[in-house]
Amino acid sequence: MAEQPADKKFFENLSGAGKAIGVLTSGGDAQGMNAAVRAVVRMGIYVEAKVYFIYEGYQGMVDGGDNIVEVSWESVSSILQVGGTVIGSARCKEFRTREGRLKAACNLIQRGITNLCVIGGDGSLTGANLFREEWSGLLEELAQSGKIEEEAVKKYVYLNIVGMVGSIDNDFCGTDMTIGTDSALHRIIEVVDAIMTTAQSHQRTFVLEVMGRHCGYLALVSALACGADWVFIPEYPPEEGWEDQMCVKLSENRARKKRLNIIIVAEGAIDSHNKPITSEKVKDLVVQQLGFDTRVTILGHVQRGGTPSAFDRILASRMGVEAVLALLEATPDTPACVVSLSGNQAVRLPLMECVQMTQEVQKAMDERKFCEAVRLRGRSFENNLNTYKLLSHRKPDTELPKDDLSCSTNFNVAVLNVGAPAAGMNAAVRSAIRVGITEGHNMFAVIDGFEGFANGQIKEISWGDVGGWTGQGGSLLGTKRTLPAKYLEKIADQMRINNINALMVIGGFEAYESCLQLAEARARFEEFCIPICVLPATISNNVPGTDLSIGADTALNAIVETCDRIKQSASGTKRRVFIIETMGGYCGYLANMGGLAAGADAAYIFEEKFDIRELQANVEHLTEKMKTSIQRGLVLRNENSNENYTTDFIYQLYSEEGKGVFDCRKNVLGHMQQGGAPSPFDRNFGTKISAKAVQWISKKLRETYRRDEGKVFANTEDSVCLLGMRRRNLLFQPVVELKDQADFVHRIPKEQWWLKLRPLMKILAKYKTSYDVSDSGQLEHVARHSPKEAETVAI
């Protein structure tokens, strides 16, 4: 192993020897809980701690006996893709009593467990914190009654608690996403997409009731992701007279030839007087006032079920590993903490700070301080709500003066797609068009990228033209990989002819490179001296300046679904290894993160060089694995990871070396990774960043409009920007500044955040590796943001 830099902190220096970790799931189940359990078990065993399952949550802790069992590496095999929780969950009244907690403490002490990892909601985590605070008193009481030795009191004097929030409602403050939320959104969107086809056939209105008794997150995000006509959530009740307003909006949409209406109601939706708004009440209102054919669909526990999404598996795996690190680093003075997600980072927060803030939200709602409730929910929730409000408000055409640029609104803004198609592009275009119209601009669509631009394939596009676009895969505008360099003169002519004042380019590395070419051509063509914004959209996730791109989540889910099916087929055939080739150009994001989400044994990528010795070591590793009860293997290879070690070569090598031990199969996933309906994450991500980009364009247009000349003139570096997510924030970065961060030969960023997660896949596949945990370990405080802070982007 290479020598470790002195300024870095590596987890190998943390030992779990002599420690025992108990893991339990409590409260309502959520998809992804098993991925978290798997990560805790394997990371725990990896650092040489003993790990115990505590079956049936706190009930199992109180009952003891066979409910608390030491587990092995193989115990968590094949659970990554399973929904719910394999170790069970139960409500436990007894644990709420001191007597019950005495029994639980006694059962833990008998096994030497002083580290608890609790996966559940705020009730489960609050209970764990109380247990920790009482721990020394419980031990003394047990010693006095002779149930444990005095030595045990001294030896096991402290209980360490780390929580992970498993809740589909995403109702816990301090984290952008809780385990299970993304999967629940997948279930909702699957239903909405299915309903849309039947509703359009019959010109129907559908009222969908989704879970969320105290939190409207699922309703709000699914409304954004499907372009619903109206949404009801507990944190943001409709204004007085909403009944008439809603009916006017529904009838207006029908009049514009929209064949269906979708209304989404959170089960805890209320009006401004805290009175419930039920799905039946909404249906009756629509039928009575409009006479529309209306149906109610209550999704219920469907939202909790099914396979966890790629996002939830990766989130839970990251949180599980972080939870074990937090337990290893805990001191007697460390408060019980919860592992959270902030933007794109795993962070640790004091558990009770998060619980207190969560309770404050409910208090604010009870007191009808709804603006306060929204603010307390956090930046992600607030950003979602603001985007929804922006997209649901359509200004009447008469409100805006025409052909009067002095009012700083009526500008011409063009939108185009560049590069390969990516799921979520259409959601981004829809959002850009509608927000642009709301901002008072004339919106133009460019067909077939810069090639179409040069040929004059430009048309004005209206609010209704982009209806129903959020759920469509591919690129409805058409897209080409052609860069503008050879068409600069023709494009400049078309910009002049159509009086284009700003440009939004949605695409991958080609989109970034295109805007760089336009910026560099400003000296020759004044037409390019306008605000230009790039939105990263590519399944490869290879654009400099952003951690995530629109489309990558959908591709990741396609890979993981295929890997699940392949692993399932292998379970009937013992001792089989699958070699799977993923797309991504030279970027290994899909192979690496797909490997983490699917539980792969290895993932070969261009960014981390490998040789024949590593291939041989992987074969030997799989040979050893076949001697255990897990008799199958999964290996992913990025398409351009190595020009000589091709997928065929690796397949043939594994087949030859594995003779008599395992057989091999290969699968090239190809363009199926680009297709299909976009995931909820990509719909929402595309919608939100596009809305933010249009607002930036509006601001730049106002700043660069020369009133005396009657035109826009922008010639500074910061007027051609890429909007990307960096760690926790969305940032506008000049494309010129990103040049140094890009490898133009291989079309990838020089530094990629996800490479830090690469050791996680190796650890969870039982390889010895080095893992830099310099970013971990700092206990932060729950941020109480002001509304003007930069928004995070997590859905």
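**Charges, burial and backbone**

Q: Which residues are linked with Arg98 in a network of salt bridges?
A: A salt bridge here is a side-chain nitrogen of Lys or Arg within 4 Å of a carboxyl oxygen of Asp or Glu. Side chains of opposite charge can pair when their charged atoms come close. The network of salt bridges that holds Arg98 also links Arg101, Glu134 and Glu141.

Q: What kind of model is this, and which pLDDT do local features need?
A: Residues are numbered from 1 along each chain as its sequence is written, and side-chain values use heavy atoms, with hydrogens and water left out. The model is predicted, side-chain atom pairs count only at pLDDT 80 or more, totals for chains, interfaces and linings use all residues, and local features need pLDDT of at least 70.

Q: How many salt bridges does a search of the whole structure find?
A: The search covers the whole structure, and the number of salt bridges it finds is 38.

Q: How far apart in sequence are the parts tied together by arginine 683 and aspartate 193?
A: Arginine 683 and aspartate 193 form a salt bridge whose closest N and O atoms are 2.7 Å apart. Helices (H or I, at least four residues) and strands (E, at least two) are DSSP runs, numbered from the N terminus. Because arginine 683 lies in helix 22 (residues 680-704) and aspartate 193 in helix 6 (residues 181-202), the pair ties together parts whose separation in sequence is 490 residues.

Q: Is arginine 683 buried or exposed?
A: Buried means under 20% relative accessible area, exposed over 50%, and partly exposed in between (1.4 Å probe, protein chains only). Aspartate 193 counts as partly exposed at 23% relative accessibility. Arginine 683 has a relative accessible area of 1%, so this residue is buried.

Q: Which residue forms a salt bridge with glutamate 322?
A: The closest N and O atoms of this salt bridge are 2.8 Å apart, and the partner of glutamate 322 is arginine 348. Glutamate 322 lies in helix 10 (residues 310-329) and its partner in strand 11 (residues 345-350), so the pair ties together parts that are 26 residues apart in sequence.

Q: How far apart are the closest N and O atoms of aspartate 293 and arginine 295?
A: Aspartate 293 counts as partly exposed at 31% relative accessibility, and arginine 295 is partly exposed with a relative accessible area of 35%. The two form a salt bridge, and the distance between their closest N and O atoms is 2.6 Å.

Q: Which residues gather in a patch of positive charge on the surface?
A: Patches are made of residues with over 30% relative accessible area and no salt bridge, with like charges joined within 9 Å and nonpolar side chains (Val, Leu, Ile, Met, Phe, Trp, Tyr) within 5 Å. Lysine 93 is placed in the loop between strand 3 (68-70) and helix 3 (98-111), and at 70% relative accessibility this lysine counts as exposed. The patch of positive charge on the surface is made of Arg91, Lys93, Arg96 and Arg213.

Q: What is the phi of asparagine 170?
A: Asparagine 170 lies in the loop between strand 5 (160-165) and helix 6. With a relative accessible area of 6%, asparagine 170 is buried. Its phi is a positive value in a residue other than glycine, near 55°.

Methods:
Accessible areas come from the Shrake-Rupley method with a 1.4 Å probe; for residues, only the protein chains shown count as cover. Lys and Arg count as positive and Asp and Glu as negative; His and the chain ends are not counted. The place of a charge is taken as NZ of Lys, CZ of Arg, CG of Asp or CD of Glu.
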